[in-house]
Amino acid sequence: MVLLQRPHILLLLIDTHQFLQCWIAFGSANEEGQQQEEFSEELLVKPLPDHKLLAHFHFQSSAPPSTSNGCHHHLFPKAISQLVQKFRVKEMELSFTQGRWNYESWGGFDPISSSNAKPPGVELWAVFDVPQHHIDASWKNLTHTLSGLFCASINFLESTATYSTPEWSFPPASGNVRYGTLPCEAVCTENLTPWLKLLPCRDKAAIALLLDRPSLYRGFYHSQRLHLTSTESSSEGIDSGIILEQTLTVVLQPNSERAIEVHASEKHVQPSWSLSSIFGKQVSGRCVLAKSSSVYLLLDRGLVAELKFPNKENGKSAANGLTSENFWSNPSFELSVNPDRIFLEESSSHSKSLSILYMFQVEKYSESEPFDIGLMWKVPVAWLCQQTPLHASRFFMGSGNERGAIAISLKSTQFTEGFMSANSKDGSCELRVDVFQVVPWYVKVYFHSLRVFVDQQPRAVSDFIEKIHVSPSKDKMSPGVMEVVLKLPCRVNTAALTIEFDKGFLRIDEYPPDANQGFDIPSAIISFPNFHASMVFLEDDSLNRSPLLSKFQEKCPVMSYTEVLLVPLTTPDFSMPYNVITIKCTVFALYFGSLLNVLQRRVAEEERFLKAKAAKKTGRLPLLLSKLSAKLRGSGINQD
Amino acid sequence: METFINPKSLFHLLLLPCLLLYSSIAYNSSPVEAAMHTNNWAVLVCTSRFWFNYRHMANTLSLYRTVKRLGIPDERIILMLADDMACNTRNKYPAQVFNNENHRLNLYGDNVEVDYRGYEVTVENFLRVLTGRHETAVPRSKRLLSDEGSHILLYMTGHGGDEFLKFQDSEELQSHDLADAVKQMKEKHRFKELLIMVDTCQAATLFNQLQSPGVLAIGSSMKGENSYSHHLDSDVGVSVVDRFTYYTLAFFERLNIYDNASLSSLFSSYNPSLLMSTAYYRKDLYKRRLEEVPVTNFFGSVMETIHTDAAYKALSRRNSGRFEDEMSLDQSVHHIKRRMLIKVNDGDEIHDINPEGEEGASKCPWSTFRNKFQKAENVDSLLNYGLVAMIPLLVISTWLVQ
């Protein structure tokens with residue numbers, strides 16, 4: 001009977017299931033008007049002046065607010081949404097970087113460099129939406145969670161001696177921000193793997209397929225970044241859910257062997273490249289879960305100016321007729337694939353020429369016909385990337401193991417001069433520079449020794465520093481933080497800040513296993529809040545939907561990081577404790593042994609004993625006799 | 001008056017530890033049901049820092065690859081690497097680690113998950129992982145979440161000596177520490193069977209202090225012997241693998257998850273002339289015969305399949321049976337406790353009647369101890385008992401003397 005009934009029940013179950021599915025589908029179709037989880041993937045490739053190539057991967061997932069969508073996710077990584085909900089993170093950025101961004105040749109005034117050039121190692125900052133006294137606990141737990149999620153020792157940021165609280169100089173200026181860096185953290189495959197697992201297609205399809213580990217880590221610079229903004233927990237404002245932005249920026253050398261050959265013969269011919277030659281892989285088809293997947297080729301402003309497109313003057317009209325031959329077949333280079341669209345940058349006030357963006361849609365390609373864009377240079381070109389207003393570098397001064405000084409030097413770049421003169425009003429123009437510097441507690445900085453040099457002349461600090469905020473370090477408790485706003489005249493050639501410090505001592509158990517390597521001082525952040533790096537491409541319908549291009553349109557202040565400094569501290573002889581213990585023990589043994597000997601020995605008694613011994617030696621009988629007589633005499637006395 | 005109250009309170013104080021000890025022994029001595037094999041875990045530790053120790057990381061990663069291939073998933077592998085070799089600036093092959101100069105196999109692969117790395121690989125963290133005593137914030141991926149039915153493989157490689165293993169060139173793990181951690185694990189029911197495999201100089205000495213049942217240990221060399229590296233890769237510039245690990249891998253490369261090769265065949269595969277050291281294995285703590293234990297017992301994740309006629313039935317019966325067992329165990333413990341309480345009351349009465357406290361005091365625990373002696377076969381507990389029995393006698397005698 002039961003057996004007979006079973007199929008019916010099964011059928012019924014299937015029926016109801018189907019019905020439910022339909023119902024759910026209907027429901028979601030209804031909701032489609034509101035918001036949905038979205039994922040898009042983009043890759044931007046840009047030739048760099050020094051024969052290198054920049055590849056910038058941009059993946060963006062967004063989840064609608066959980067109030068309307070619940071806690072279930074189709075595309076959005078669950079780990080991230082749980083993290084946001086648990087720690088009430090408003091905004092967070094985590095970056096893993098290896099190598100140093102070369103601001104001089106790779107530029108510093110475009111959206112890519114100002115938001116993706118990061119200090120080496122791990123950098124983490126987060127803004128929390130929790131009461132002030134809970135922030136530190138949230139931060140601590142967040143670091144542990146992230147360390148588990150990304151296979152890195154981010155949990156070292158939990159101790160108060162490693163993170164700081166920037167007051168106002170750090171861009172997402174608000175009171176609840178915490179900032180920490182680990183400059184010597186290694187970055188490798190194990191960090192990339194969990195990062196890729198957050199993508200709906202992982203590294204199995206479309207653009208992410210290009211991420212071949214050996215070719216990525218062979219590069220000169222790679223920075224893997226995760227940025228998330230959430231309006232979930234905030235009570236005020238529009239609830240737009242969580243937006244997770246994952247970017248990977250790599251600077252690679254296209255086919256290095258040939259480049260060297262070419263380099264020897266013709267100095268300025270850029271190496272030709274294709275995606276398959278750089279990454280060893282091709283893009284076959286798109287990730288079906290992605291809303292859009294496209295590849296861009298960006299030609300820099302400087303490069304476009306060099307190339308002299310035939311109808312550069314009336315570029316705007318040419319861009320409207322997108323099929324214009326002139327833009328993609330040029331006497332100086334050749335593209336292996338016809339671009340689907342061409343975007344021209346909207347003319348901005350502070351540059352002579354405009355950059356060009358070629359767009360390729362990956363959707364059109366399949367496994368049988370994979371997408372592989374290549375660029376072949378025909379004539380040598382040389383150009384310069386747009387620089388930051390001032391080029392910042394940082395170095396140590398002084399010698400010895402006792403004290404020294406940190407200097408941050410700012411040098412004006414050629415680019416800014418023209419811009420400054422264009423922008424200055426009646427000669428009284430000022431250049432605002434924000435400096436944010438964290439110094440670990442074992443480097444004891446004397447803030448009173450801060451000095452400013454402008455054009456190599458020592459100047460009064462108050463003349464140039466508009467605002468300063470200092471929180472001195474506490475031993476083993478908190479690092480020293482310095483935030484300075486400098487107002488420099490526009491015509492400045494060089495400026496320098498110096499500050500002196502004493503090297504501190506650590507306890508023997510606080511030294512890392514490779515203490516002789518030295519200790520890192522995290523990068524200083526130099527930002528120019530009056531300058532905004534943005535690239536606005538001509539308005540178009542599809543443009544609004546591309547997250548990468550809308551990211552480029554955002555006005556973010558120009559930022560640059562200085563070098564990480566390595567300070568050698570005096571390291572103790574690590575075998576010293578054992579030596580001390582052995583020597584101490586020996587000394588104690590000798591001291592106490594002899595002391596006890598002295599204390600216990602009764603000299604008089606001993607002498608008597610010796611005498612008795614001597615007497616013994618004389619003979620037993622006389623001794624006995626004397627004893628007996630003494631007893632007898634004694635008793636006689638007693639009896640008395 | 002005072003002299004009368006004092007012995008009574010003293011007596012109560014003395015009874016308290018007795019009671020505690022008694023209950024704990026009652027719990028220990030009762031036969032605990034042997035747990036079923038539930039899952040497999042692997043803790044793989046490379047303890048050496050610096051580039052010239054490349055081979056230690058290659059050893060660990062080779063084992064990592066092997067156990068992953070044989071079915072232990074990443075979330076049940078705790079991988080500890082003391083340094084970053086793959087993306088080291090000295091590595092000519094970025095993001096790649098090789099254990100053979102033919103470079104056929106990239107051990108680092110595309111999907112490696114390192115749980116502890118760099119400065120995190122310390123003796124403290126290692127012992128925390130084994131014993132499970134973590135801070136609350138530590139994520140699950142960094143914890144060894146094994147249970148009483150788990151089979152754990154613990155692989156360690158680095159530089160060592162007589163009864164110690166160096167961590168990061170700055171601290172040591174001693175054989176006593178390891179034995180203590182394993183004992184704690186056993187008492188916390190964190191494993192059923194544990195295989196400790198160590199590739200270091202004088203590895204055998206590291207196992208000297210082990211005493212927990214269910215532990216099997218293999219070391220690459222005896223006391224006074226060194227373990228040697230296998231060969232040098234002139235492209236990488238350093239030795240890439242150690243001999244012991246190399247021949248272990250050679251054994252495992254021939255196997256897949258379905259093979260039934262036994263542990264004894266693994267042990268007999270080590271050839272002292274090839275290893276240039278004598279592989280040592282300690283099996284006195286391990287009850288099963290090594291010929292019957294397949295290597296996948298530790299190196300893979302092969303579950304015992306139970307054939308059942310009907311879905312879920314057998315499992316539920318088994319569970320319920322276990323539950324009942326536990327219940328009865330609990331009840332028996334309660335029962336013993338209750339009896340003990342009664343006995344304590346008896347003792348009190350005797351004491352009240354008899355102004356000479358010593359007799360009552362000796363009488364009460366004595367009867368219970370005698371019962372206990374019959375049950376407890378454990379020499380340790382017997383000894384403890386003897387010691388505790390000595391204390392009241394000693395105290396009372398000194399009190400009487402005064």
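Residues are numbered from 1 along each chain as its sequence is written, while chains are lettered from A and ligands numbered from 1 in the order in which they are written. Because the model is predicted, local features need pLDDT of at least 70 and side-chain atom pairs count only at pLDDT 80 or more, whereas totals for chains, interfaces and linings use all residues, and side-chain values use heavy atoms, with hydrogens and water left out.

The UniProt annotation "active site", taken from an unreviewed entry, covers B:His159 and B:Cys201; UniProt positions are given here in the numbering used for this model, with feature names shortened, and such annotations may be inferred rather than shown by experiment. These residues span 43 residues in sequence, yet no two of their C-alpha atoms are more than 6.5 Å apart, so they gather at one spot. B:His159 sits in the loop between β4 (150-157) and β5 (160-161) of chain B, where helices (H or I, at least four residues) and strands (E, at least two) are DSSP runs numbered from the N terminus. With a relative accessibility of 27%, B:His159 counts as partly exposed, a class that lies between buried (under 20% relative accessible area) and exposed (over 50%), as computed with a 1.4 Å probe on protein chains only. Apart from its neighbours within four places in sequence, B:His159 is in contact (heavy atoms within 4.5 Å) with several residues, among them B:Thr47, B:Arg55, B:Leu165 and B:Thr200. The side chain of B:His159 also makes a polar contact of 2.8 Å with that of B:Asn53; a polar contact is a pair of N or O atoms within 3.5 Å, of which, within protein, one must be able to donate a hydrogen and the other to accept it, and residues adjacent in sequence count only if both atoms are side-chain atoms. B:Cys201, for its part, is found in the loop between β8 (193-199) and β9 (215-219) of chain B, and its relative accessibility of 19% makes it buried. Among the residues that B:Cys201 touches, not counting those up to four places away in sequence, are B:Gly160, B:Gly161 and B:Glu225.

Turning to the cysteines, a search of the whole structure finds two disulfides over all chains, a disulfide being a pair of cysteine sulfur atoms within 2.5 Å. One of them is formed by A:Cys188 and B:Cys87, with the sulfur atoms 2.0 Å apart. A:Cys188 lies in the loop between β6 (177-182) and α7 (189-196) of chain A and B:Cys87 in the loop between β2 (77-81) and β3 (116-117) of chain B, so this pair joins two chains. The torsion about their S-S bond is about 75 degrees, so the disulfide of A:Cys188 and B:Cys87 is right-handed, and both of these cysteines are buried. A disulfide also links A:Cys201 to A:Cys287, with an S to S distance of 1.7 Å. A:Cys201 lies in the loop between α7 and α8 (213-217) of chain A and A:Cys287 in the loop between α10 (275-279) and β10 (292-299) of chain A, so the pair ties together parts that are 86 residues apart in sequence. By contrast, the sulfur of A:Cys385 is 16 Å from the closest cysteine sulfur, in A:Cys556, which is too far for a bond.

The contact between the chains takes 26 residues from chain B and 30 residues from chain A. The area buried between them, meaning the accessible area (1.4 Å probe) that two parts lose on being put together, summed over both, is about 2,400 Å², with 53% given by carbon and sulfur atoms. B:Asp110, B:Arg117 and B:Tyr119 supply 28% of the area that chain B buries against chain A, more than any other three residues. Across this interface there are five salt bridges, each a side-chain nitrogen of Lys or Arg within 4 Å of a carboxyl oxygen of Asp or Glu; B:Arg117 and A:Glu190 meet in a salt bridge with an N to O distance of 2.6 Å.

Over all chains, the search finds 43 salt bridges. One of these joins A:Lys118 and A:Glu93 (2.5 Å, N to O), and both residues are buried.

Finally, UniProt lists residues 382-401 of chain B as "transmembrane region", again in an unreviewed entry. Over residues 382-401 the chain is 100% helix and 0% strand, with its end C-alpha atoms 29 Å apart.
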